[in-house]
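Hello,

Here is the structure I promised to pass on to you. Have a look first, and my notes follow below.

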Amino acid sequence: PDEDGCWSGCTINKDGIPTIFYTGIKGRENRQETICIAQSHDNSLLKWDKYHGNPVISSPPENIELVGGFRDPYVWREGDSWYLIIGSGIKNVGGTVFLYKSQDLINWTYLSPIYNRNQKETDPIWTGLMWECPQFFPLNDQYVLIVSVRDNEKLYYPVYFTGTYEEYKFEPQALRRLDSGADYYAPAVMFDDKGRCIVFGWSWEGWNEEAIQAVGWSGVMSLPRLVSLR
């Protein structure tokens, strides 16, 4: 399911075993995007074994017409359950984050969209047709949802919502851009052993496709930032 690419996702600690969730890409014309797993059983982070039953999520929710993709899993644990969100967009609606639940990281049950927003809304900022690389986490007494805005194959900027989370629904109370630069995108969040929230972004350095092909790489990771609520 990933013969044409392994795209963004996240890494978690599964009972001491580093476990990657990533987007498997198959097909270049009619691209299929599925959610796959790989683990480093020797803890080296150098050797990874793909799960023989990949993909663990093989298709989007039924009876929902998507636009832009279905990718970039982000996983966390609450109690005895695991939760996973996926970035996407719903036709004639806008950017969407889908929520799943599992007991074993293999069998996933679709719950609902955790949140979506109309693509026509512009106050206080426009958030487009499709969302990539969703990140969702508690911070102090609020929850934070970070997404990266994509529309008609163009990358725009990451935004963050702050608000409340209850019964599998996120209710935002504020919305802002996460970074005001021209080429900061797809930020990913981690918590260190001191409980600090750290975010890394990706920059394509303002290069066009011709420049990227000439140098042979596509962008760099940003410096880490400590995240807190103002």
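A definition to start with: rings of Phe, Tyr and Trp (its six-membered ring) pair if their centres lie within 6.5 Å, and planes under 30 degrees apart count as stacked, over 60 as edge-to-face and the rest as tilted. The whole structure holds 23 such aromatic pairs.

Please keep in mind that this is a predicted model, where local features need pLDDT of at least 70, side-chain atom pairs count only at pLDDT 80 or more, and totals for chains, interfaces and linings use all residues. Residues are numbered from 1 along each chain as its sequence is written, and side-chain values use heavy atoms, with hydrogens and water left out.

Y83 lies in strand β6 and Y168 in the loop between β11 (154-166) and β12 (169-177), so the pair ties together parts 85 residues apart in sequence. (Strands are DSSP runs of E, at least two residues, numbered from the N terminus.) Y83 is buried at 6% relative accessible area, while Y168 is partly exposed at 30%; buried means under 20%, exposed over 50%, and partly exposed in between (1.4 Å probe, protein chains only).

Both tyrosines also belong to one aromatic cluster, whose members include W76, W131 and F161.

As for the strands, β6 (residues 81-90) runs antiparallel to β7 (residues 94-102), joined by nine bridges; two strands pair if DSSP finds at least two bridges between them. Y83 stands opposite K101 in β7. The open sheet has the order β5-β6-β7-β8, with β5 (66-78) and β8 (109-116) at its edges.

Enjoy exploring!

Methods:
Helices (H or I, at least four residues) and strands (E, at least two) are DSSP runs, numbered from the N terminus.
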